[in-house]
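Q: Could you take me through this structure, starting with its sheets and ending with its aromatic rings?

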Amino acid sequence: MRQSCPTRPFSTILMPFQNIDRHDCFIVQQERHLGQDIMQAAALWNAHGPALFLRRGTIEMLESALQALLPAGTQALAEDALRLARRYKRLSGTPEIRFRLEKVSHDSCRRFHVDHVPLRCLCTYTGPGVQWKYADSDTIHETPAGWITLLKGRLYPGWSTKGAVLHRSPPISDLPVPVTRLLLTLDHPDACGMG
């Protein structure tokens, strides 16, 4: 694992998540390969789960709400998403979080941007992952499915434009075969969409 940030010569930022606290670090990614059980569960969620599961609450509240509507065979996905939620809660220090699990089959949020939150965690279970770039660079990096991405938002204490990382959803409407992305977004409980 690389231990410095930002690492402009590299296309991924691999390091412990707590390094996001460094003033010069705006993104941290963890490489991982989803197991067959999670991949099967994600495919079943895409086939039978709701288009959007959006809740704000404690981990216990989120777990209860998620378990109440789980399609058959999707337990491994729920367990993985809740593990990430617990990890995000420890990093962010917020007692409640916003938990969003969404099926995306269109071009969503095509403009590179910085979120109006302190900290955002993203994981794409199916389809192409989040794209990102440094604000002062034209080089676009695409995150593989399964990887975990932690991004500083504009509300992160001490955030500045110097070295900032922008991100967007990958364009999928022009792909030769239709794709459904299954995207988990974890962030501040007052994030956009929770009003």
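The conversation below goes through the sheets, the helices and the aromatic rings in turn.

Q: Before we start, what kind of model is this, and how are residues numbered?
A: This is a predicted model, in which local features need pLDDT of at least 70, side-chain atom pairs count only at pLDDT 80 or more, and totals for chains, interfaces and linings use all residues. Residues are numbered from 1 along each chain as its sequence is written, and side-chain values use heavy atoms, with hydrogens and water left out.

Q: Which strands form the open sheet of 6 strands, and in what order?
A: The order is β1-β7-β4-β9-β3-β2, with antiparallel pairing. Strands (E, at least two residues) and helices (H or I, at least four residues) are DSSP runs, numbered from the N terminus. Two strands pair if DSSP finds at least two bridges between them.

Q: Which are the edge strands there?
A: They are β1 (27–30) and β2, and each pairs on one side only. Direction ignored, neighbouring strands of this sheet are turned by 15 degrees against each other on average. Axes are lines fitted to C-alpha atoms, for helices over the stretch in contact, and angles run from 0 to 180 degrees between N-to-C directions.

Q: How many bridges join β4 to β7?
A: Strand β4 (residues 119–126) and strand β7 (residues 148–152) run antiparallel and are joined by 5 bridges. Cys-123 stands opposite Ile-148 in β7. On the β1 side, 4 bridges join β1 to β7, again antiparallel, and Gln-29 has Thr-149 in β7 as its bridge partner.

Q: Why is β7 called largely enclosed?
A: 5 of the 5 residues of β7 are buried, so the strand is largely enclosed by the rest of the structure. Buried means under 20% relative accessible area, exposed over 50%, and partly exposed in between (1.4 Å probe, protein chains only). Ile-148, Leu-150 and Lys-152 lie on one side of β7, with Thr-149 and Leu-151 on the other. In general, side chains in a regular strand alternate between the two faces of the sheet.

Q: What is the order of the open sheet of 3 strands?
A: That order is β6-β5-β8, and the pairing is antiparallel. β6 (141–142) and β8 stand at the edges with a single partner strand each, so one side of each is left without a neighbour in the sheet. Strand β5 (residues 131–134) pairs with β8 over 4 bridges, and 2 bridges join β5 to β6. Tyr-134 has Val-165 in β8 as its bridge partner, while the partner of Trp-132 is His-141 in β6.

Q: Now the helices: what does α1 touch?
A: Helix α1 (residues 36–48) packs on the sheet and touches β2, β3, β4 and β9 (181–187); its direction makes about 90 degrees with that of β4. Contact means heavy atoms within 4.5 Å. Helix α2 (residues 59–67) lies across β2 and β3, and runs at about 150 degrees to β2.

Q: And what do the buried residues of α3 pack against?
A: They pack against α1, α2, β3, β4, β7 and β9. Among these buried residues are Leu-77, Asp-80, Leu-84 and Tyr-88. Just after α3, Gly-93 takes a positive phi of about 75 degrees.

Q: On to the rings: how many aromatic pairs are there?
A: A search of the whole structure finds 2 aromatic pairs. Rings of Phe, Tyr and Trp (its six-membered ring) pair if their centres lie within 6.5 Å; planes under 30 degrees apart count as stacked, over 60 as edge-to-face and the rest as tilted. Phe-53 and Phe-99 have ring centres 5.6 Å apart and planes at 85 degrees, so the pair is edge-to-face. Phe-53 is in strand β2 (residues 52–57) and Phe-99 in strand β3 (residues 97–104), 46 residues apart. Both are buried.

Q: Which residues make the other pair?
A: Trp-132 and Tyr-134 do: their ring centres are 5.6 Å apart and their planes at 85 degrees, so this pair is edge-to-face. Trp-132 and Tyr-134 are both buried.

Q: Which ring does the charged end of Lys-152 sit over?
A: The charged end of Lys-152 sits over the ring of Phe-26, 5.3 Å from its centre. A charge sits over a ring if NZ of Lys or CZ of Arg is within 6 Å of the ring centre and within 35 degrees of the ring normal. Lys-133 lies over the face of Phe-112, at 5.6 Å from the ring centre.
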